[in-house]
Amino acid sequence: MARPNEEVEALLQEYADLVAITGGDAFKVRAYEKAARAIGGHPADVSRLDADGLRDIPNVGRSIAEKVLEYLRTGRVSAVEERRAKIPAGVRELITIPTLGPKKAMRLYEDLHISSVGELAAAIEADALHDLKGFGDKTQENIRHGIALMQQAGGRIPLHLALETAEEIVAELSAGSGCRRCAYAGSLRRMKETVGDIDVLVAAQRSGPFMDALTALPSTAEVIAHGRKKTSVRTTKGVQVDLRVLPPDSWGAGLQYFTGSRAHNIRTRTLAVRQGLKLSEYGLFDVDSGESLASRSEEEVYARLGLPWIPPTLREDRGEIEAALRGELPDVVTERSVRGDLHTHTDLTDGLAPLEEMVTAAAERGYAYYAVTDHAPNLYMQRMTDEKILAQRERVRALDGSRHRMRLLHGTELNIGPDGGVDWPEEFLAGFDLCVASVHSHFDLGRREMTARLVRACENPHVNILGHPTTRLIGRRKGLDADWDEVFAACARSGTALEVNAQPDRLDLCDEDILRAKEHGAKFAVNTDAHSVLHLAHLRYGIGTAQRGGLTPDDVINTWPLRSLRRFLRKGASA
Ligand code: DGT
Ligand code: CA
Ligand code: CA
Ligand code: ZN
């Protein structure tokens, strides 16, 4: 159940942090960070590799391979233990505060003995930092804001982590004898970007064996409550899991009830009451006779209320009940309706896998088309040049159609400068099949300037997709301050699609922004921004978010046939 690649990734990242905090060589820090990401994104299980196999992974050299082997053999790495002994764990926690780097963390620890986020917050409140070099008012304000962001996310778990945990638990419980049905419900089934806890349901005659099975799982670290109707545990990763066992006849009603949201359920219960019915987790009952009218499936329950089945991602009481009553529920986009990914990277810039590997993996997903969009020169650390991107284009053209039916598009991810300009002159941009353009720096320009910057980027005749539009990082960085209505309108007007970036820490645009942008008539592209083969599977998180935003295949350009997509990419220009 444990994922050795992730464990090793976390360990190497910790080592990089510790080296940085103790003032180690920046080159070494970056080397360990790169290796951590490479191992995290490596498709093969690292615990099955020998020294040579490890060193075949990009960015993994001899000394890193040795540390990995030591870890796999002994469960610890002496170099990491040595650094840990010097630095309290809380100091490392400090550098997870957005805007607080290792140098500042070390100064706080050495000068003021601050070794936790709580202590730092208290020190700022008490104005204890003002004499400390490098902690001016602006810096303190940024730190205060960073702490607030962390606390907001506090306790909630990112969608992808919850989904992985839930799928493992559902697989375990489904194998139990007498299990008729098993699924996860709650906010996770609704694909909210973060979830408070995981709700798992089992349909079975007897509940005891399943409750016991949950408490006995190797991933269970602590039993919070152990009962016949409900059992709650905390996993080794700190996630709370609630298990409820329902009589098989109540499966549909229970699934509907525990999927929520609460707001949606209030609406369905009200609909029931108006018809002289009562809706509970056991079924839909006639109040007078007490007779059960529907309970076996969700479809049956909704139908008896006069509604079509409503996709869980829409169940937030944001108009879905009204739409369903009118027969206008959106036919939401699904993973299967996606024909291709339009924002992906290779090892020519910061991706981990070579072009051929990314293309093969994309073809295996059954895509009809696939765009390669490595970074452009203005993101200096990626060292892109005209020659390199043109050479890549040759390779893309040569691969196109040679091994798979999937068609390849050669694109790039441009960098939107502070004034809204992008890399390369128009003639050069015209050579690409498509251009994504994204903000990667200058995050606080002020609202007017930021709006003008984004609008100008959209109006560029070669910019087709606004990548991760708000640049928010969930729990770490809030989105850009801009007049988004104006930006969304500019996208609709200019034929620039808004990205729904599927990276689980981005999910950008988010559901509410999508709803707003759709009002303006904008189009969307659900992309993974994959930096490795494994990331191609992140599409599901983007699709969940797109569904929550009510998007249909008509709204999403990468569900369209290639000919229609190409027409969109011309942005109204002829031929
Ligand atoms: P979360 O876990 O905070 O991300 O959000 P949910 O929606 O998963 O909420 P949770 O775990 O408290 O409960 C799951 C669903 O079960 C919730 O959406 C509605 C339903 N539910 C659970 N307990 C109650 C309750 O006591 N009353 C009502 N009306 N509904 C409940
Ligand atoms: Ca929940
Ligand atoms: Ca719960
Ligand atoms: Zn990208």
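Here is a quick tour of the domains, metal sites, cavity and a few local features of this structure.

It's a predicted model, where local features need pLDDT of at least 70, side-chain atom pairs count only at pLDDT 80 or more, and totals for chains, interfaces and linings use all residues. Residues are numbered from 1 along each chain as its sequence is written, chains are lettered from A and ligands numbered from 1 in the order in which they are written, and side-chain values use heavy atoms, with hydrogens and water left out.

**Domains**

- The protein chain is assigned domain 1 (4-153), domain 2 (157-246), domain 3 (251-326) and domain 4 (335-569); the bounds come from an automatic or database domain assignment.
- Between the C-alpha centres of domain 1 and domain 2 there are 31 Å.

**The zinc site**

- Donors here are N, O and S atoms within 2.8 Å of the metal (3.2 Å for Na, K and Ca), and sites may look incomplete because water is not among the atoms.
- The zinc ion (ligand 4) has His 343 (NE2), His 345 (NE2), Glu 413 (OE) and Asp 529 (OD) as its protein donors, at 2.1 to 2.2 Å.
- Along the sequence, these donor residues follow the spacing H-x1-H-x67-E-x115-D.
- His 343, in the loop between β11 (340-341) and α17 (355-364), and Glu 413, in strand β13 (residues 407-415), are 70 residues apart, so this pair links distant parts of the chain (helices, H or I with at least four residues, and strands, E with at least two, are DSSP runs numbered from the N terminus).
- His 343 and Glu 413 are both buried, and buried means under 20% relative accessible area, exposed over 50%, partly exposed in between (1.4 Å probe, protein chains only).
- The angles among the four donor atoms of the zinc ion (ligand 4) run from 82 to 174°, and the site is irregular.
- For that label, four donors count as tetrahedral if all angles lie between 85 and 135 degrees; four count as square planar and six as octahedral if opposite donors are over 155 degrees apart and all others between 65 and 115; anything else is irregular.

**The calcium pair**

- Asp 197 (O), Asp 197 (OD) and Asp 199 (OD) coordinate the calcium ion (ligand 2) at 2.2 to 2.7 Å.
- That site is irregular too, with angles of 67 to 164° among the six donor atoms of the calcium ion (ligand 2).
- Asp 197 bridges the calcium ion (ligand 2) and the calcium ion (ligand 3), 3.7 Å apart.
- Asp 199 has 10% relative accessibility, so it counts as buried.

**The cavity**

- The largest cavity has a volume of about 30 Å³ and is lined by Met 191, Lys 192, Glu 193, Asp 511, Thr 545 and Arg 548.
- On a 1 Å grid over the protein atoms alone, a cavity is a set of points where a 1.4 Å probe fits but cannot get out, and lining residues have an atom within 4 Å of a point.
- Domain 2 (157-246) and domain 4 (335-569) each supply at least three of the lining residues.

- Eight of the nine residues of helix α13 (residues 251-259) are buried, including Trp 251, Leu 255 and Phe 258.
- Gly 260 follows α13 and has a positive phi, near 70°.
- Trp 309 sits in the loop between α15 (298-304) and α16 (320-326) and is partly exposed, with a relative accessible area of 33%.

How values were computed
On a 1 Å grid over the protein atoms alone, a cavity is a set of points where a 1.4 Å probe fits but cannot get out, and a pocket is an open set with protein on both sides within 12 Å along at least five of seven lines; lining residues have an atom within 4 Å of a point. Grid points are joined across faces, edges and corners, and a volume is the space filled by probe spheres set on the points.
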